[in-house]
Amino acid sequence: VLLTGNAVVLRGSSTNNQIFGNDVVNVLDGRGGIDYLLGFGGGDIFQITAGDDGEDVIGDFSRTDADRIAFAGFDSSHTTVTHEGDGLFTIADATAGTSQTFKLRDGYGIAAYTSGDLLEGQDYYFA
């Protein structure tokens with residue numbers, strides 16, 4: 001699915017999705033399944049939802065473009081974000097027993113993060 005014109009919000013379905021934004025600020029939400037999200041510029045918001053199946057991939061995460069991640073369905077007071085290595089992250093809500101994995105890649109498919117335990121605080125928020 002490709003955003004066109006001035007569209008800014010795109011939500012997938014409960015199946016596997018490939019969602020492509022445009023050059024404005026986009027909100028990309030794959031919902032269920034294994035999703036590939038590509039923003040194409042602008043300060044995009046990539047939504048990762050608790051209980052989604054599979055491992056989502058954010059294909060062009062960029063701090064320079066002020067991209068952010070919205071974690072939906074997680075309680076911020078009980079949730080940890082752990083860097084597993086090679087740009088793979090797990091977000092887990094210990095109280096609710098929910099978790100989700102996702103990968104951060106840059107525009108060339110290379111892991112956007114190669115060290116450190118957590119994303120920086122300004123890179124994500126709880127929706």
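## Strands and pairing

Strands are DSSP runs of at least two residues, numbered from the N terminus, and two of them pair if DSSP finds at least two bridges between them. This is a predicted model, where local features need pLDDT of at least 70, side-chain atom pairs count only at pLDDT 80 or more, and totals for chains, interfaces and linings use all residues. Residues are numbered from 1 along each chain as its sequence is written, and side-chain values use heavy atoms, with hydrogens and water left out.

Let's start with strand E8 (residues 79-85), which runs antiparallel to E9 and is joined to it by six bridges. Thr 82 has Thr 90 in E9 as its bridge partner. The two strands form a hairpin with two residues between them, and Asp 86 in the turn has a positive phi of about 55 degrees.

On its way through the sheet, E9 also meets E10: six bridges join this antiparallel pair. Here Ala 92 is partnered by Ser 99 of E10.

## The whole sheet

Now step back. Six strands make an open sheet in the order E2-E4-E6-E10-E9-E8, with mixed pairing. E2 and E8 stand at the edges with a single partner strand each, so one side of each is left without a neighbour in the sheet.

## A buried asparagine

Where is Asn 22? Look in the loop between strand E2 (17-20) and strand E3 (27-29). Asn 22 counts as buried because its relative accessibility is 10%, and buried means under 20% relative accessible area (1.4 Å probe, protein chains only). A polar atom of the Asn 22 side chain lies 3.2 Å from the backbone nitrogen of Val 24.

Note on methods
Helix = DSSP H or I, 4+ residues; strand = E, 2+ residues; numbered from the N terminus. Buried < 20%, exposed > 50% of the residue type's maximum accessible area, 1.4 Å probe, protein only. Polar contact = N/O pair within 3.5 Å; in protein donor to acceptor, adjacent residues only side chain to side chain.
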